Amino acid sequence: MGYKVMLVEDDLQLSKLIQENLERYGYDVYKPKNFFNIVNEFINIKPDLVLLDINLPYYDGFFLCRSFRKQSNVPIIIISARNQELDQIMAIELGADDYITKPFTFGLLQTKVKSIIRRIYGEYSTLDITNTCVGELCIDGKMLTLTFQEKKVELSKNEYRLLKKLMDNYGDFVSREELIEEVWDSVTFVDDNTLTVNISRIKNILYRLGFDDIIKSKRGVGYMFYNPTLMRD
């Protein structure tokens, strides 16, 4: 089981998109069944994080934020179309931990959620309990191993995190900054060469499994995990 996120958003389309995005990263997303009874549902769910809109039926997000805070110290991120500074100040004063203004990118949302999870609960561990496969090439977060058919190799935690990030974004370039952030949380205090060394080690591991040039790089863009033969039936 991943971290439990309670998503309180009455825009059904946006709610669905947020849920799909977070579940992709291993979070368990819970949405209220009854907006008139949200506080009781919050108590029953006992979430690890709350994503809370302000404009809701029956009660506004400010009231709910204050009510949640009376029950728990769970981190709360406000997501709202209100972009006035006063609204943001009020949300923080009522106990919210962060404030995201609509419209926002899911990349920003994921970064905010991950940052709070790391800060509140320690090192980000959701990814460590999930498996990712591209064709028959599978990465195991519990055992920290990479397997292809009958072959299996061990990974360090950093190798695992970097490779999983690349595999999760199969066919798309991932920037060096995103990869550094995924493992070390900061692009400021990490030598750029550290990432290069780790990527080289991952390439060598993949070579031992029979894959050459499966991680492609483009200067100024980043790295991409791609091999069309893996995706063939």
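## The second largest pocket

The residues lining the second largest pocket divide into two nonpolar, four polar and four charged. Here Ala, Val, Leu, Ile, Met, Phe, Trp, Tyr, Cys and Pro count as nonpolar, Asp, Glu, Lys and Arg as charged, and the others, Gly among them, as polar. The lining consists of S175, R176, E177, S217, K218, R219, G220, V221, G222 and Y223. Two or more of these residues come from each of α7, β11 (215-218) and β12 (222-225). Helices (H or I, at least four residues) and strands (E, at least two) are DSSP runs, numbered from the N terminus.

The volume of this second largest pocket is about 150 Å³. A pocket is an open set of points, on a 1 Å grid over the protein atoms alone, where a 1.4 Å probe fits, with protein on both sides within 12 Å along at least five of seven lines; lining residues have an atom within 4 Å of a point. Grid points are joined across faces, edges and corners, and a volume is the space filled by probe spheres set on the points.

## Basis of the model

This is a predicted model, in which local features need pLDDT of at least 70 and side-chain atom pairs count only at pLDDT 80 or more, while totals for chains, interfaces and linings use all residues. Residues are numbered from 1 along each chain as its sequence is written, and side-chain values use heavy atoms, with hydrogens and water left out.

## The antiparallel sheet

β11 and β12 are joined in the antiparallel sense by four bridges. Two strands pair if DSSP finds at least two bridges between them. Within this pair, S217 stands opposite Y223, and I215 has F225 as its bridge partner. The two strands form a hairpin with three residues between them, and G220 in the turn has a positive phi of about 80 degrees.

The open sheet here has three strands in the order β10-β12-β11, with antiparallel pairing. Its edge strands, β10 (173-174) and β11, each pair on one side only. Helix α6 (residues 157-168) packs on this sheet and touches β10, β11 and β12, its direction making about 70 degrees with that of β12. Contact means heavy atoms within 4.5 Å. Axes are lines fitted to C-alpha atoms, for helices over the stretch in contact, and angles run from 0 to 180 degrees between N-to-C directions.

## The parallel sheet

Another open sheet has five strands, in the order β2-β1-β3-β4-β5, and its pairing is parallel. β2 (28-30) and β5 (98-101) are the edge strands, each pairing on one side only. From one strand to the next, the twist averages 20 degrees. Strand β1 (residues 4-8) is joined to β2 by three bridges, and M6 has Y30 in β2 as its bridge partner.

Helix α1 (residues 12-24) lies across β1, β2, β3 (49-53) and β4 (76-80) and runs at about 170 degrees to β1. Helix α4 (residues 85-93) also packs on the sheet, where it touches β4 and β5; its direction makes about 150 degrees with that of β5.

## The annotated span

An unreviewed UniProt entry annotates residues 4-117 as "domain: Response regulatory". UniProt positions are given in the numbering used here, feature names are shortened, and annotations may be inferred rather than shown by experiment. The span is 46% helix and 19% strand, and its end C-alpha atoms lie 10 Å apart.

## The largest pocket

The largest pocket has a volume of about 210 Å³. It is lined by 13 residues, of which G107, Q110, T111, K165 and E178 lie nearest its centre. Helix α5 (106-121) and helix α7 (176-184) each supply at least two lining residues, and α5 gives the largest share, five residues. By type, the lining divides into two nonpolar, five polar and six charged residues.
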